[in-house]
Amino acid sequence: MRRSVPVAAVAAITSAGLLLAGCSGGNGSSEGSGEANAATKGVVNASDAKGGTVTYAMSDAPESFDPGNTYYAFIYNFSRLYARPLTTFKPGPGAKGNELVPDLAESMGKPSDGGKTWTYKLRKGVKYDDGSTATSQDVKYAVERSNFARDTLSLGPNYFQQFLKDNDGGYKGPYKDKTKAGLKSIETPDDQTIVFHLKKPFAEFDYLVSAPQTAPVPQAKDKGADYTKSVLSTGSYKFESYQEGKKLTLVRNPQWSAKTDPLRKQLPDKIVLNLKVAQSTIDKDLQSGNTLVDLAGRGVDGQTQAQLLTNSKEKGNTDNTLGQRLVYTALDTKVKPFDNIECRKAVEYAIDKKAVQTSLGGPIRGELASTVLPTDIEGYQKYDLYPQKYDGDKLDLAEAKKHWAKCGAGKTTTTILARNDRQDEVDAATSVIDSLKKIGVTAKIQSYPTSKYFSDYAGVPKFNKKNNVGMIMMQWGSDFPTGYGYLQQILNGKAISQSGNANLSELDDPEINNLLDSAIANTDKAAREKAYAEIDKKTMEQAAIVPLTYFKVLMYRSPKATNLVSTSAFSGQYDYLNIGVKK
């Protein structure tokens, strides 16, 4: 899932009396929306009613609507309305939303050669909105453009670049490939068949192809970086208009057919996304029904949270859920003084996690964290290498000062990055700064918008070095619901790229790299989970990540929305595939 899902500024509401009740609507459909956490247990306002307009809103703008050039969970979710990957997640509440099913493919992949070769057959009759037929060659091209044209499309993950058999730096992507032959490691023996040849076994490959990077793109219609403005649709909706930074409008795709798509229902006539709307306005519009969904799944802001949790009726229209996510501070292991492990260990002890938790909104927004793996990812094991001791509300800094003395940095300055359209993240960074002052570290905040955070700043190692960026605020959600889907992109040295980078610590530890590689090749699920727990501990031994909270989101259900399910597969957001308008 994917790079951090945006979250809103929240007030310090920590009283146990304000925590949400765990009432549910059972495992089926919940009629009405007056039960707290109902969408985490069942479908709220289940309906097949057609017509009307579903309106989304977002406080910023996405980095891209291009399925091959994005890494945010909410666009992974939203893009399925117009782009069909080979596999996807079946709409379902909570952990039931983790069920992987075929989408563009007619069945799950067929492994061979010990898991190094994976074959998929595309469904017959899937058409783009212009009436042309989607082919296996289009899927191959989509993977090539999204993984190998990194100078043009740098924002998505690079799994295929890492694992396809014949890349080895020779293939420069379709925009520079004069032969037009493409990768030898992806074969398309006919228009419906696509075969992936990997360097080594990949036991979870069906999850990997659920990324929107496998949604087909016809080469003749590709516009490079401008493709985001008018993506050719294979989904139930197509682009009608796009005003950059303002509004996107989707309408029904007349070429879509339920015969080729068992997942989508094509309920509303139109889907409108309003961009750069103040979060407080989004919250009010959700309550009034003028907006049905906060696209980013970021949760309500602080003022709204206080109102909801002190009003029993309104509290019943909320969902508070884990979403396979961690809020953390990444320490850049290539920037002084954090290239010294003793300095990093000092920071692990020095950051007052309770103060950070309060700045994020209290326990309702997440429990204190001590591991890299969130509690709702398979492989999680509870432990704490850097236990924090408190005398009342005061953090004991003895261990922090001991390690800081060992690192020998003395009084030092550094920069911490945060996103300026997320006040909670800025508040958390401010809390981190206040903590580090007590061991002699003076940090300043540089903040940038979500839409450019990873492409231009936090995800660019050269920028970090030039600007003395030692710490980066981050929230990370699983690419897919396994330990590998969570850990690979933020820990493996091979995943480090020069832009759009998710390994913000620039950690390149051979032992961790090898453990990740060997784990994913193992067909024994239990053995993989054991390895993921070991990788977690190895990472914490390196002190490259300071876990802060296991993040929970507090979302408000619009009374006019149908088919709402809060799904783990998309970081606790509502599943966007079949939301409709209540009649």
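Student: Which residues does Glu 425 touch, not counting residues up to four places away in sequence?

Tutor: A contact means heavy atoms within 4.5 Å. By that rule, Glu 425 touches Ala 418, Arg 419, Tyr 453 and Met 473. Before we go on, please note that this is a predicted model, where local features need pLDDT of at least 70, side-chain atom pairs count only at pLDDT 80 or more, and totals for chains, interfaces and linings use all residues. Residues are numbered from 1 along each chain as its sequence is written, and side-chain values use heavy atoms, with hydrogens and water left out.

Student: Where does Glu 425 lie?

Tutor: Helices are DSSP runs (H or I, at least four residues; strands are E, at least two), numbered from the N terminus. Glu 425 belongs to helix H11, residues 423-437.

Student: Is Glu 425 buried or exposed?

Tutor: Buried means under 20% relative accessible area, exposed over 50%, and partly exposed in between, using a 1.4 Å probe and protein chains only. Glu 425 has a relative accessible area of 7%, so this residue is buried.

Student: With which residue does Glu 425 form a salt bridge?

Tutor: The general idea is a side-chain nitrogen of Lys or Arg within 4 Å of a carboxyl oxygen of Asp or Glu. Here the partner of Glu 425 is Arg 419, with the closest N and O atoms 2.8 Å apart. Both residues are buried.

Student: How many salt bridges does a search of the whole structure find?

Tutor: The search finds 25. One of them pairs the side chains of Glu 399 and Lys 402 at 3.3 Å, N to O. Both residues lie in helix H10 (residues 398-407), 3 residues apart, about one turn of the helix. Glu 399 is partly exposed at 31% relative accessibility, and Lys 402 is partly exposed at 41%.

Student: What about Glu 511 and Lys 538?

Tutor: Their side chains meet in a salt bridge of 3.1 Å, N to O. Glu 511 sits in helix H15 (residues 510-521) and Lys 538 in helix H16 (residues 525-542), so this pair ties together parts that are 27 residues apart in sequence. Glu 511 counts as partly exposed at 40% relative accessibility, as does Lys 538 at 21%.

Student: And where is Asp 151?

Tutor: Look in the loop between helix H2 (136-148) and helix H3 (159-163). Asp 151 is exposed, because its relative accessible area is 55%.
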